[in-house]
Each structure stands twice: as C-alpha cells, then as structure tokens.
Amino acid sequence: MAGNSGGRGAPEARGAILGRDRELAAVVSMFDTMRVRGQVRLIIGEPGIGKTALLAAAAAGARRRGVTVLTARGAASEQHLPFAALHDLLRPLVERDHAANLAPGRRKALFDAFGMSETVSPPKLFFVALAALDVVSDACSRQPLLLVVDDYQWLDAASRDVIDFVARRLVTEPAVLLIATRPDHAHPPNLLDTPDVEVEVLGALDDASAGALLLARAPDLPEALRDHVLAEAAGNPLALLELPVRTRSESSSPPRSGQGPALTARLERAFAPRLPELGAPARLLLLVVALNDSDRLSEAIGAASIAIGQEVGLSRIDEAVGLGLVWTDGETVRFPHPLVRSAVVHSVSAATRRSAHRALAQALSGDADRHAWHSAAAAAGPDEAVAQLTEAAADRAMRRGLPSSAVAWWEKAAGLSPEEGHRGRRLLRAAEAAFQLGNADDVRRFTDQSRSLRLEVTERGLFSFLDGDLDNAVPQDAEGVRLVLRSATRARDDGAPEAAAMLLVEAATLCWCCGAGQPIRDELLATADSLPLAADDPRVLTAWGLSGAAERRRRAVDALDRWSVRSVADPATESLLSRTAFVCGEYERSLAFGRSAADGLRRQGRLGMLAQLQVRQSFAATALGRWDLAGSTAQEAHRLASKACQPIWAASAALALAYLSGLRGSLRQSVELLDEFERVALCTGIQPLMTGAQMAKGLRELGQGHPAEAFGHLRKVVDGGDRTHHPITRLWAIDYFAEAALGAGETGRARPIVRDLEPVLETVTGTTAHRPIRLAQALLAPDSEAEAAFTRAFDLAEGASPWYRARLDLAHGMWLRRRRHGAGARAPLQSAHAVFETLGARAWAKRSARELRASGVKGQPAPRSAAALLTPQELQIARLAAEGLSNRDISNRLYLSHRTVGSHLYRIFPKLGITSRTQLPAALSPCDR
C-alpha cells in the first residue's frame, strides 16, 4: 500500500538508485518547464532492481519543483479488494475536495467505490473511471501532477482498469504517470499496446556502480566474499545491499557460483535472520501485517490480539521498525519491500498462517468480501460453508461489473468445494467470466479441470458451449444444433431458465453458421417459445433474428423499437440487442445499441465479447457508408480477437477490412486481408464465412471497375445453387449484385434472382432491409418500369446513409443521361461524385466522373473532406459538437475530460478553416456526419 514517504523507519533511496541517474534525470526533467503534457512511462524490472527507489527519487524531485505527487502500490494480499489501489492514489485529491465539482452520478460512484457514501450501492466501473479522470483533470488545472504506481502487477483488477483508462486520456493534461511492474507477469499492463507510452526496462547496474554500492554497504567485507556477492547479485541493487549480511552469517568461505536457490529466494532469505530478534507477540503482529489486505495498523493490532487472546500493544510494532522490517506513521504500516513481506509469511508454518487468517476473518466480520477472503485462506481443506461465502463474493463482483475479480473468487470457491458438482459449476462460472474477458488460457484451464468432473445437465451444456466456442469448433450440421436444443430443453425442465436461454442463443448461432434448413429452424423457434422468458427478452429476439424466419424478424424489429427507449444497464444485454438489429438489417439501430455496449464491455474488461461486437459494428458501418467507423472498429476487433485466441473472429475482422479495402479499390490490401480470412474460413466450413469470402471478392472486383468478374462472384452469393449461398446474408449483397449485372450487361440473368426476393418486402418491416432490394430493382428495371422503380427507391432514401443515397443518385443519373436528359442528370451525378470522392470509393468516383463528362460537365473538383483533414477522434468530436453538444456532454459520450475536448476543438477549427463551433455543421459534408 502507498503511504507517506516519511514516518518511522523510512529508508534513504540514494543507495538503491546508484547508477540510475540517467533514468532519474529523464523522469524529473519532464517537469523542468512545467509545461508537461500527458506523458506515461512504464518502468519494467526484476525484484530489487531499483524500481521503487527510482520512483521515490522521481517523486522527491517533482515535489521540489512544486508538483503534486500521488502514489499507490499494488499488494498481492489486496488483489481481491476492488478499487483498493485507486483509493490510495486519489485519496489526497478527494480529501482536498477535488471531487466537489463532479456530476452527482460520478461522485456517488467514486464514493461508493471508496466506501465513503452514507448509502453504498455497487459502483459502476464506467462511472468510477470517468470520475477518476475528472478528479485528475481538476487537480491538473491547478498544479502539474505526478502519479506514481508501483508494483502494477499486484493491483486489484478494478484499479488497474481505471488507471489504464485514465492513462490513455492524459493527452492534454499537465500530468505524468509512472508505472513500475515486473516483467512476464500474469497481468501485463494493457498500456504496452498503447502508442506513445515510453517503456523503460531497468537492467542490472554496471560493474563500477555495483562495486561502489557494495563498498558503501560493506566496506570491511573480505575480498573473496565481495567477489562472491558481486557475482551472485549480478548488478541487482537490493541484492548488493542485503546479501553481504546473509553471506557472512552463512559461511566464512563463499559457495561456488551458481549453487543455491534463485536470486529472489536468496533475497527473501536475507531478511529472515532479523525475525528471531523479535519477541513472540511482535512476530505474530508482523505476520498479521503481512497477511492483511490493508495497511491500517489498528486492524492488524486487533486481529493479533484475537489470535493471542490478549491485547497487543503499539510498542510491538516498534520492535519491527527498529530492525528495518516495516515503516509506520502510527496509523498505517507497510514493508519497505515486498520480499520482506514474503520472508515474514514463509518463516512460519502453514498452520500458523491459517490461524492468523482466521483471526483477521473474525476481526473483519463486518466487511463481507474481506471476511470471505480471509476465511478462505484460513480453511485447511474443502469447506462448503466457506465456498458459499466466496461464491457470494463472486456474484457481488459481477453485479459491480468486475468480472476479472469474479474469476478469482469463483476459482477459490471451486477449490473449497467438497462435492464434484459444486466444484464443476464454480469452475465453469469462472470459465464463463474468463471467456467474456477474452482470457483464453484461463478458459482452457478451467474447462480442463472440469472435464472429468460429474456435471449436472445445465453445467454440461455450459461446458460444451465454452469448450467448443473457445476453439471455434462449432458443429456444422443440423444434428449439432439439435444436441444444443435438447440441452436447452433439459435445462428448462430442471428449473434453470438462464442456462436454457444461453443455450438457446448458442443453438441459434449454430443455425446461422450452418445455414440450417426450415425443419431445424422450426425446432429452434419452438424451443424459444417453450422457455419461461418474456417475448421481448433479448435472447429470444436474438434467436428470432438468427432463425431467418421473416415473421419473427418483424416481431424482433418491433421489440427493438421498445428497447430503444429503455435504459439498459447491462452491456451484454445491449450487445444482444445490437446483434439482433444487425441480423435483421437494422444497421443504424445496431450501431446505436452497439456503441453503448462497447463502452460497457470495454469498461468491464470483457474483451472477448467486445471483439465479437466490434466485428458486427464494422460490417454495419460499412453497409451505411460510415467507413471511418468501419475501419477503426474492425482494427480494434482484430487486435482483441487475436489477443483473446479467437481465430474466427480475428479472421472476420480481417474480412470486414477486406470489404472496406475492396470498395476503396485498394487491391493489394484487399488480397492480403482476404487471404488471411480464407485460411480460417475454408478450414471451418462455416457457411456465412464462405459467403463473406465470396462477397469480398465481388466487392473487390467492383472496386477495381471490373463488373463482369464481380457478377460472377456475387451471383454465387445470391443464387441458391451455390455452396456459398446463405438464405439471410444474400440480402446484404443483392444491390451490389445488381450493380455488377448492370455494368456487365447481365440484367436479363439478374432480374429473376431479384424478383425472387420481392416477398421479403411484404414480411419484413423497416426501410433498412427494403433499401437494397429497391435499389437492385431500380438498377435492373427495363426502361418502361424504371421511373416507377426509382420513385419507390427514392421514397425510402430519406434518412439513408450518404453511401446508399450516392449509389442511388448515380444509378438515377445514368438512367436519365441514357434517356438524353443530360441537364437533369447532372445534379444527382454531381451529388454522387462528391460522396464517392469523400469516401475514397475510386471506381464509383471514376464512373460518376465519366457520366458527368458525358452529360456535358467539364472537370469536377474534388470536395473538401473533413475526414481527410481530421484524425478519427477529432472527427468524432467535430460531429458531436456540430450536433450542439457541449464540451462536457462530449466528454461524457467519448470518455475524455472536458479539457481534452476543448483542446481538440482548438486544433479542429483551423484545420477546417473555421473560427467557432457554430460553423461546424456547414464544414462537415453529409459523409462526414
């Protein structure tokens, strides 16, 4: 835990940073001009290498320059306590009332997280992160700020997520964040993947610095022992400070180099000889301090008194302070190095440690989570009562939106479970949360542990889902769907509707993946109807959408209308609603639900679910001509899915990027991305993936201006005779197919295929699904029917994306020009050309330019595009400001500080050649908006 750098027993830092002058100077010099802006440095090093001392010296240097310094330190014993490290970091700012101006919801969330509210409710991680950012921003507006986080690898998951969130948004603040961590830890900083984060790997001291430090520490050490210590320490500063004492006590003649335990273990043992100098009560108190998940001295004294059965005085801690084993300011107590804590813990028997944990559990009976943690640590073996305590803590963590904490709780509960069934259920709950987080290794570990256990019916269904979906080894036939539907029915009969609903969605997904025929889709819908779920339950709606049944999809769209005006707190629910909208062709609504869901999943660290959502978001944005959004979401999805070992979703993200590259005419990039996708798609045989590959080839040929080749590819998608045909996804290709047919002179072959889709117009509500069919009809209509066909298409154009409207304008302009209405053709052709140029749709831009020249227009200047001038984030901010949102409203939407939003607008205005936000609507083209 972080605390005051002074107090009884505080060591000097200079010796441990000998030879670190370059790193220290680089850190402290950031504040020399007091104009620092949003810098993050990540310091990585082995135990004892000098990270902590370097941070302490940097903090001291910053304070001398008038900089406010905030510190926190992770502790292995506190990883189960949500927001513990964040409380340490921000406590000084909260005490100085920097939280006074927070919006009420954010203030309540932050105070709930810190246990400071009169009525505490489960804090939402999202609002806590925004509140933390606002508090830091407010402090920075008064004085530059240095935030120091040591032992990042041991931060509790909630604090880690919030600190990462703030770190990525320090862009314009006068603040520096220093993070120190160990290499190759189970929780590497997410910031390693963040651009502009400076990474400093601390290596060993050079020979001269190591020799000087050892000489200062032990000037009378015999030469033979000095050489041995130098060799064993290998430039590690802490080893050079502590090993001389240990070496002298062990032998007068040094052992041969390379013998004995690893350096970390030897360092830990170097502190052990001091412990026998303490009296028995002081040793027990020190053990309780080491095992406690707080640095409060009063708690440790209370628990030690319970363990001994008599009052333990404050003087006992002074014994340990005198030996340099702890530091204290009278209220808090902490160890100078984690290895000292480890030495104390490992110096006693397991039974003694359990007894101390039992005393802590008794002393903390009023704190449910901490009581459960120490009760679990005190258990000598399986104990169902304690397992239930830890499982309840896992449920509380999930309600707080902290699945990473819940994983640890469920794993501990499983280990305490005496019965196989309970152990298997808890392992699978841990695996399910790990799956949402995208932690493939944890999912595998938990499913492997549960593989041989006796599982109940519902747990077997969950196991099949996790074990199969992890490797994307989904069954690709109707019988596989029936197996999952039977599991859902059994779960329903066993009184487990939630498990049944989850299995229903899995069965619907498999229906989609294998392009199941009508009989199996009827079984899916019958199972959905049999579940005790509301008709507008998002899981039922998802099953309806994926089934492809036209009447059910219409009902699903109607239900989405009702959901769109509700407040949805759960991002997983929003993700299901976004998925339903997507498969029903309601792309705008899919983006709206998905935008909120993505924010929630990102806040909760559910990166596996986020990757899948962002793939769908990218395809929806592509269909709407939101190509900037399509690219950014697909890139994020590809990164997340690759990291989470989800090869199909990583490949699907590559497919989304291939669509985009093909439409823009980027041949080489499209080929490379499609090659990556097809390697996975061909191996799985999942039908929508095969359809996607074929469609990507068609779009690529259209993007190259090769309509005949595009017609060949897209015909396979929309015509039922090819294996790449999918009964639902063919609707996504029908308008492109018609464009290719028109350009290739194949309108006669294409018309019957489009005519077969006309019944869809009678059974599906909403203009989004109708537009591609109406555009295809207009493109392929014979001259005698074209005017009526274009009228029907334009009737649906209001509110359509600029991309769709531009393609309709191009088709209409071409038809008018062919009928020798050159003057009438120019307006739609010019409008279409402007959009195509802005989007970078080269083939369409060339075609519209040719049509314009043929209509009598000479030359066509390319329009000014905000998308070409602004970064993606600047474009987002410009759009929101153009809608009339204030800086604070935009900060709420984009999770930035309002100061950062103002700084972005300051740069946006000159780029667009404007001077105020009132001019933004005119500066943004329809495509930009």
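Helices H5 and H6 cross in a right-handed manner, where right-handed means that the near helix is turned clockwise from the far one by less than a right angle, and left-handed anticlockwise. This is a predicted model, in which local features need pLDDT of at least 70, side-chain atom pairs count only at pLDDT 80 or more, and totals for chains, interfaces and linings use all residues. Residues are numbered from 1 along each chain as its sequence is written, and side-chain values use heavy atoms, without hydrogens and water.

**Exercise 1.** Describe how H5 packs against H6, and classify the residues of the contact.

*Solution.* 
- Step 1. H5 covers residues 125–140 and H6 residues 157–167; helices are DSSP runs (H or I, at least four residues) numbered from the N terminus.
- Step 2. Their axes lie 9 Å apart at an angle of about 50 degrees (lines fitted to C-alpha atoms over the stretch in contact; angles run from 0 to 180 degrees between N-to-C directions).
- Step 3. H5 and H6 are therefore oblique to each other (under 35 degrees is roughly parallel, over 145 roughly antiparallel, 65 to 115 roughly perpendicular, the rest oblique).
- Step 4. From H5, Leu125, Val128, Ala129, Leu130, Ala132 and Leu133 meet Ala158, Asp161, Val162, Phe165 and Val166 of H6 (contact: heavy atoms within 4.5 Å).
- Step 5. This contact holds ten nonpolar, no polar and one charged residues (Ala, Val, Leu, Ile, Met, Phe, Trp, Tyr, Cys and Pro are nonpolar; Asp, Glu, Lys and Arg charged; the others, Gly among them, polar).

**Exercise 2.** Determine the relative direction of H23 and H24.

*Solution.* 
- Step 1. The axes of H23 (residues 497–514) and H24 (residues 518–530) cross at roughly 165 degrees and come within 11 Å.
- Step 2. H23 is therefore roughly antiparallel to H24.
- Step 3. Their crossing is left-handed.
- Step 4. Leu504, Ala507, Ala508 and Cys511 of H23 make the contact with Ile520, Arg521, Leu524, Thr527 and Ala528 of H24.
- Step 5. Seven of the contact residues are nonpolar, one is polar and one is charged.

**Exercise 3.** Characterise the largest cavity by volume and lining.

*Solution.* 
- Step 1. Seven cavities of 30 Å³ or more are counted (a cavity is a set of points on a 1 Å grid over the protein atoms alone where a 1.4 Å probe fits but cannot get out; lining residues have an atom within 4 Å of a point).
- Step 2. The largest cavity contains about 350 Å³ of space (filled by probe spheres set on the points, which are joined across faces, edges and corners).
- Step 3. It is lined by 24 residues, and Tyr587, Ala623, Leu624, Trp732 and Tyr736 are the closest to its centre.
- Step 4. Helices that each supply at least two residues of this lining include H28 (587–604), H29 (607–623) and H31 (647–664).
- Step 5. The lining comprises 16 nonpolar, four polar and four charged residues.

How values were computed: On a 1 Å grid over the protein atoms alone, a cavity is a set of points where a 1.4 Å probe fits but cannot get out, and a pocket is an open set with protein on both sides within 12 Å along at least five of seven lines; lining residues have an atom within 4 Å of a point.
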